[in-house]
Amino acid sequence: RDLTDISLLQCFIHLRYVDLSENKLQDLSPLSSLTHLLWLKVDGNLLTSARMQELPYLQIISFAHNRIKDMEGITHPRLANLSLKGNKIQTALGLSHGQLFSLQTLELRGNVLESTAGLSLPRLKNLYLAQNAIRSLEGLEGLGQLTTLHLRDNQLESLDGFCSSMKCLQYLNLRNNGISSLQEVAKLQVLPMLQALVLLDNPCSYEPNYRVEVLVLLPHLRRLDKELFEQEERAEANKIYQTRQEKEKVRTAGQGRRRK
């Protein structure tokens, strides 16, 4: 409706659901009097900040497709689902970790993030970071409840940064990055619950016997590139693993004898 002024909403203090999408808003301060608000959608406006006065019951916000550049000033204590998709956010370091202790789903697809630093949210379960410019994985050790992580269409060449404290991660999408070696995939062995992995359109996905080689490295994996592993693939991977283990024992024994 091309709205630029929403000051009239200050009168409706009992509103719980507000959709102001596809307008020309630059200021959300009139919403500070809506202390019963549960759900807010302001997609497709001209907002340059997500900063708002704290709203005690707000659980879901979508700021998709605005002009927001940082994540500062988001402090709603019951916020469970936050979308900042399609903005211009360069860093997550401004996140108010101490006040976002209920946040479970964070959508940051289509921004310009270069790192994951600052995203250490203890209750977070779903994190969507596709279509950014991420080159390094940092600060992931605090994501102990995370089950789903999307990193498709980024610029990762290394998988350093994953750690054993990510004990709930089950689904990891790394499609269309720059991972060239399966030795990088071996770094995912620290993820005890990983069941589904997407590696399509990475250089390593074109290596010979790619599916079985991934299974050798990650024997607990159930699905690769959205396809379940067949029993034959599991048997082949197990055979390759056993053969390599035997060769390693022989090599190690030989080195021991030479030292003597």
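Predicted model: local features only at pLDDT ≥ 70, side-chain atom pairs only at ≥ 80, totals over all residues.

I began with Glu-107, which is buried because its relative accessible area is 10%, under the 20% cut-off. The side chain of Glu-107 meets that of Arg-109 in a salt bridge, 2.7 Å from N to O. I noted Arg-109 as partly exposed, its relative accessible area being 31%.

I then asked how many salt bridges the structure holds. The count is 11.

Next I looked up Arg-51, which pairs with Glu-72 in a salt bridge whose closest N and O atoms are 3.5 Å apart. This pair links distant parts of the chain, 21 residues apart: Arg-51 belongs to the loop between strands S2 (39–41) and S3 (60–62), and Glu-72 to the loop between S3 and strand S4 (81–83). Arg-51 counts as exposed at 52% relative accessibility, whereas Glu-72, at 36%, counts as partly exposed.

I turned to Lys-187, whose salt bridge with Asp-160 has its closest N and O atoms 2.8 Å apart. Lys-187 sits in the loop between helix H1 (182–185) and strand S9 (196–198), and Asp-160 in the loop between strands S7 (148–150) and S8 (171–173), so the pair ties together parts 27 residues apart in sequence. I recorded Lys-187 as partly exposed at 28% relative accessible area and Asp-160 as partly exposed at 45%.

Last, I examined burial in helix H2 (residues 210–217). I found 8 of its 8 residues buried, so the helix is largely enclosed by the rest of the structure. Among these buried residues are the charged Arg-211 and Glu-213.

Note on methods:
Residues numbered from 1 in each chain as written. Heavy atoms only, no water. Buried < 20%, exposed > 50% of the residue type's maximum accessible area, 1.4 Å probe, protein only. Helix = DSSP H or I, 4+ residues; strand = E, 2+ residues; numbered from the N terminus. Salt bridge = Lys/Arg side-chain N within 4 Å of Asp/Glu carboxyl O.
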